[in-house]
Amino acid sequence: MTKGALRDAICGGAHDVPALKACTRAGTSCGSCIPMLKTLLTQEGVEVSKALCEHFAVSRAELFEIVAGTGIRTFSELIAQHGTGRGCDICKPAVASILASLGSGHVLSGEQATLQDTNDHFLANMQRNGTYSVVPRIPGGEITPEGLIVIGEVARDFGLYTKITGGQRIDLFGARVEQLPAIWRRLVDAGFESGHAYGKALRTVKSCVGTTWCRYGQQDSVGLAVALELRYRGLRAPHKIKSGVSGCARECAEARSKDFGVIATETGWNLYVGGNGGFTPRHAELLASDVDTDTLIALIDRFLMFYIRTADRLQRTAAWIEAMDGGLDHLRAVIVDDRLRICADLEAAMETHVAGYADEWRGVLEDPAKLERFVSFVNAPDAPDPTISFVTERGQPVPVALGLPGVRAS
Ligand code: SF4
């Protein structure tokens, strides 16, 4: 799809994203280009509505303030008082995310469970053959030999495919939905917890070995990465959040490609924000330099909470900063210089998150009502899905190919 074709469609009367999608099919596959559609509409002089969806006339940021300010903690009460209709697959997960960011209990408790999208519904990522992946948290990418053995044994015993991820952890693929609780029971008993790979939440804080092992290291990058990952684990946000910590300017952890990245200096840390890979790769920009560890953590607390409160639905930090009036300078004025006098509030909100953190998978295993949802067939809870099958490729189980030629080692 070319920009010219999209412009023609806009001139022809497609004046919002759904209309553009319907007549051009742009944005109907992975959805990565939808932010560009909005930009194009604005460039063509079309006023783009900030409404979250047809059920809420306010933006996500405004809805966040409504939920935070009113104390409403259920979707039904929120839509009755501040929306219309019954909700849709846009506003329900968005409200679920806002409720989770405000610490409203387990995401699968009560009415919240009905708001979650497919992945959050089963606390696992659905794969193309209907199975799920399991990703235990490995803070900073640091893991003991005993931990590796447990993951290996679980993968072997349940016949799972294993792969090292870009975020320095181990992804176990091919679990049927009814296997998920048994797999997680083994992992939780061994001290692992949810890695939130399924959620719009903090994913990983990648690190290099820093002063622990590297001759060039200037600070303890592993120690900081572990501390940051444990601090922000479970933090729900408008989109996924990735981070990295490098022990010196050689940048082996690729921290500048993360939403927030930290690079050690001789005297402290440099903090970069707004980086990502993906559809539109972008380097993070320097927000603060040579800060000590306490200052660094306070700045990240403020950055993340300001992002969670004010970003649009599915807007990553790079796009959020870019769309901000004043961009990075405004962000610095708010969270470094405290021009809006909200930093104490942002830090307090993060402290509430840290104090209220609980592992979501442990919460499922301890609650028979939540465990009941992990079945392929509601009327035959013990029956596995007979349509799921695997073939072996490079010594591991993989889904049966969809008519596409595989790449095999010669
Ligand atoms: S970033 Fe620097 S400290 Fe870290 S592994 Fe690379 S060279 Fe060593």
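The centres of domain 2 and domain 4, taken over C-alpha atoms, are separated by 27 Å in this predicted model. The two domains touch: 10 residues of domain 2 are in contact with 9 residues of domain 4. The domain assignment places domain 2 at 60-116 and domain 4 at 202-353. It also gives domain 1 (3-43) and domain 3 (122-199).

Helix α4 (residues 60-70) and helix α12 (residues 293-310) meet with their axes within 7 Å. The axes cross at roughly 105°. Angles of 65 to 115 degrees count as roughly perpendicular, and α4 and α12 are therefore roughly perpendicular to each other. On the α4 side, the contact is made by Arg60, Ala61, Phe64 and Glu65. Helix α12 contributes Ile308, Arg309 and Thr310. By class, the residues of this contact between α4 and α12 divide into 3 nonpolar, 1 polar and 3 charged.

An open sheet is formed by 4 strands. Their order is β1-β2-β4-β3, and the pairing is antiparallel. The edges are held by β1 (125-126) and β3 (161-164), each of which pairs on one side only. Strand β1 is joined to β2 (residues 132-134) by 2 bridges, and the two run antiparallel. Within this pair, Asn125 has Ser133 of β2 as its bridge partner. Two helices pack on the sheet. Helix α8 (residues 145-158) touches β3 and β4 (170-175). The direction of α8 makes about 15° with that of β4. Helix α9 (residues 180-189) touches β2 and β4. Its direction makes about 5° with that of β2.

A ligand is also present in the model. Its surroundings include four cysteines, Cys208, Cys214, Cys248 and Cys252. Gly210, Gly217 and Gly247 also belong to the shell. The shell divides into 5 nonpolar, 3 polar and 2 charged residues.

Strand β10 (residues 390-393) and strand β11 (residues 396-399) run antiparallel and are joined by 4 bridges. Glu393 stands opposite Gln396 of β11. The hairpin has 2 residues between its strands. Arg394 lies in this turn and has a positive phi of about 50°.

Conventions. Residues are numbered from 1 along each chain as its sequence is written. This is a predicted model: local features need pLDDT of at least 70, side-chain atom pairs count only at pLDDT 80 or more; totals for chains, interfaces and linings use all residues. Side-chain values use heavy atoms; hydrogens and water are left out. Two strands pair if DSSP finds at least two bridges between them. A residue is near a molecule or strand if one of its heavy atoms lies within 4 Å of it. Ala, Val, Leu, Ile, Met, Phe, Trp, Tyr, Cys and Pro count as nonpolar, Asp, Glu, Lys and Arg as charged, and the others, Gly among them, as polar. Contact means heavy atoms within 4.5 Å. Axes are lines fitted to C-alpha atoms, for helices over the stretch in contact, and angles run from 0 to 180 degrees between N-to-C directions. Angles under 35 degrees count as roughly parallel, over 145 as roughly antiparallel, 65 to 115 as roughly perpendicular and the rest as oblique. Domain bounds come from an automatic or database domain assignment.
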